[in-house]
Amino acid sequence: MAMLIAICVMGLSVVASVLIGLTSTTLYLYNTGTSAGFNMRPDQGTFAAQMLLGSILGVWPLTQGIVAVVQNRGRRQGIVAIVLAAAAPLVSLVVWVALGFAFGHHVQA
């Protein structure tokens, strides 16, 4: 059960990052006399909702996976649940950054 929940959390996290990267990210580009760079900002409301729901739903499979491993009840599925629950935020971040760069609203600051 924990593995299925972890797969769902991973999938929903990536879908949310795709939506935020495609529709709610602004990339502020700046160029001064001595340096150039960028500042990437998502829409704060949607990003906060993703982080809150992802954290709440991500702790559940992580906890169930740990319990399954410790109690030796579905050890393999527990390990998969732990790995997926731990990897979901990193995968989600990489997807958001890639899509934010590619499709975000570019603004010259």
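**Close-up 1. The largest nonpolar core in this predicted model has six residues.** Its members are Ala2, Ala6, Met10, Ala81, Leu84 and Ala88. Two helices, H1 (2-23) and H3, each supply at least two residues of this core.

**Close-up 2. Alanine 6 and its contacts.** Alanine 6 is one of the core residues. Leaving aside residues up to four places away in sequence, alanine 6 touches Pro61, Ala81, Leu84 and Ala85.

**Close-up 3. One aromatic pair is counted in the model.** Phenylalanine 47 and tryptophan 96 are the partners. A pair of aromatic rings is described by the distance of the centres and the angle of the planes. Here the ring centres lie 5.5 Å apart. The planes meet at 40 degrees, so the pair is tilted. Tilted pairs fall between the stacked limit of under 30 degrees and the edge-to-face limit of over 60.

Close-up 4. The cut-off for buried is under 20%.

**Close-up 5. A nonpolar patch lies on the surface.** Leu52, Leu53, Ile56, Leu57 and Trp60 form this patch. Together they have about 510 Å² of accessible area. Isoleucine 56 belongs to helix H2. Its relative accessible area is 52%, so isoleucine 56 is exposed. The cut-off for exposed is over 50%.

Technical notes. Residues are numbered from 1 along each chain as its sequence is written. This is a predicted model: local features need pLDDT of at least 70, side-chain atom pairs count only at pLDDT 80 or more; totals for chains, interfaces and linings use all residues. Side-chain values use heavy atoms; hydrogens and water are left out. Rings of Phe, Tyr and Trp (its six-membered ring) pair if their centres lie within 6.5 Å; planes under 30 degrees apart count as stacked, over 60 as edge-to-face and the rest as tilted. Patches are made of residues with over 30% relative accessible area and no salt bridge: like charges are joined within 9 Å, nonpolar side chains (Val, Leu, Ile, Met, Phe, Trp, Tyr) within 5 Å. Accessible areas come from the Shrake-Rupley method with a 1.4 Å probe; for residues, only the protein chains shown count as cover. A salt bridge is a side-chain nitrogen of Lys or Arg within 4 Å of a carboxyl oxygen of Asp or Glu. Helices (H or I, at least four residues) and strands (E, at least two) are DSSP runs, numbered from the N terminus. Buried means under 20% relative accessible area, exposed over 50%, partly exposed in between (1.4 Å probe, protein chains only). A nonpolar core is a set of buried Ala, Val, Leu, Ile, Met, Phe, Trp, Tyr and Cys residues joined through side-chain atoms within 4.5 Å. Contact means heavy atoms within 4.5 Å.
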